[in-house]
Amino acid sequence: MGHCQELETIKGKRMTQVYLTIRQKLYSFLAQFDHITGRKAPLIILCYHSISSDSWRYGITKEAFKKQMAYIEEHFAVIPLSEVTHFLDGSATFHKPAAVITFDDGYSDILEIRDYVRQHHIQPTLFLIGNTEKVCSDELQTHRSFLTKNDVLNLVSDGWEIGCHSMTHPDFHTLSESQIQYEIHDAAQLIRTQLGIVPNTFTYPKGRYTQTIVSAVKSAGFVLGLTMDDSVIGKNSNPLLLPRIGVDRTHSLEEFKTLFSPSCIRLRHLIKSSFLSRFIV
């Protein structure tokens, strides 16, 4: 690396740290405001990807995950995703705000927290990619290994729920009609054939969707569709467009505690399309 490149790298890291500091202060202020005014999100769905100690943004350490779950268990009723349908139709109520834990992609490193999750009676949902041998690695931005069939079945025996995360994790904004069928309907059929499990929940890769894709998800028989949009889930939320809160290694524990504040969720919605989005979400 040349001298100029080194300076640019240092400058980039400093800028990133500045934005992260600003983000944390903003979140802290907004969360405090919501606490004073009594505003709470009645239901949150958290999105994780990897449990690891490397530098990939979308992985967090085992220790960080445990600390986050300790906070969640103290302040939320941790429920499986399957209970969300009852929340939406009004047939279920919770004694305090509810939280759902989800993992996208199906990386083998999530086995690191298998024992912890089982011991704490947490039932996450694992969203699987149907054909990991032909996965779009450029979209994933990682080359991690995936869970085996036996790994998945072991998690199911622990109480994990299984959903679909497309066939190959492509850019959903670029799909043709036949590709949409393959990535949604055929992916669900493949998971059913391989695991003997009928997935009835779907997550849009990188949260990307169009009305045509949402219609295809509905036609394929999925009852819930999860996005990465920023809004508060309520009784009137569209079950095929439920927002999730992404958690990654840029979130300190103190910042993690503010992610569920309705005002912070609103802030992310307002600025997600700006150049700051890579730091805010």
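**Close-up views of a predicted model**

View 1. Thr203 sits in strand 8 (residues 201-203); strands (E, at least two residues) and helices (H or I, at least four) are DSSP runs, numbered from the N terminus. This is a predicted model: local features need pLDDT of at least 70, side-chain atom pairs count only at pLDDT 80 or more, and totals for chains, interfaces and linings use all residues. Residues are numbered from 1 along each chain as its sequence is written, and side-chain values use heavy atoms, leaving out hydrogens and water. Thr203 has a relative accessible area of 0%, so Thr203 is buried (buried, under 20%; exposed, over 50%; partly exposed, in between; 1.4 Å probe, protein chains only). Contacts of Thr203 (heavy atoms within 4.5 Å) include Asp104, Phe127 and Leu226, not counting residues up to four places away in sequence.

**View 2. The Arg23–Glu255 salt bridge.** The side chains meet at 2.5 Å, N to O. A salt bridge is a side-chain nitrogen of Lys or Arg within 4 Å of a carboxyl oxygen of Asp or Glu. Both Arg23 and Glu255 are buried.

**View 3. Asp158 with Arg114 and Arg118.** Arg114 and Asp158 form a salt bridge at 2.5 Å, N to O. Arg114 lies in helix 4 (residues 114-119) and Asp158 in helix 6 (residues 149-158), so this pair ties together parts 44 residues apart in sequence. Arg118 also bridges to Asp158, with the closest N and O atoms 3.3 Å apart. Arg114 is partly exposed at 22% relative accessibility; Arg118 is partly exposed at 35%.

**View 4. A salt-bridge network.** Asp54, Asp109, Arg144 and Arg249 are linked by salt bridges. The whole structure holds 15 salt bridges.
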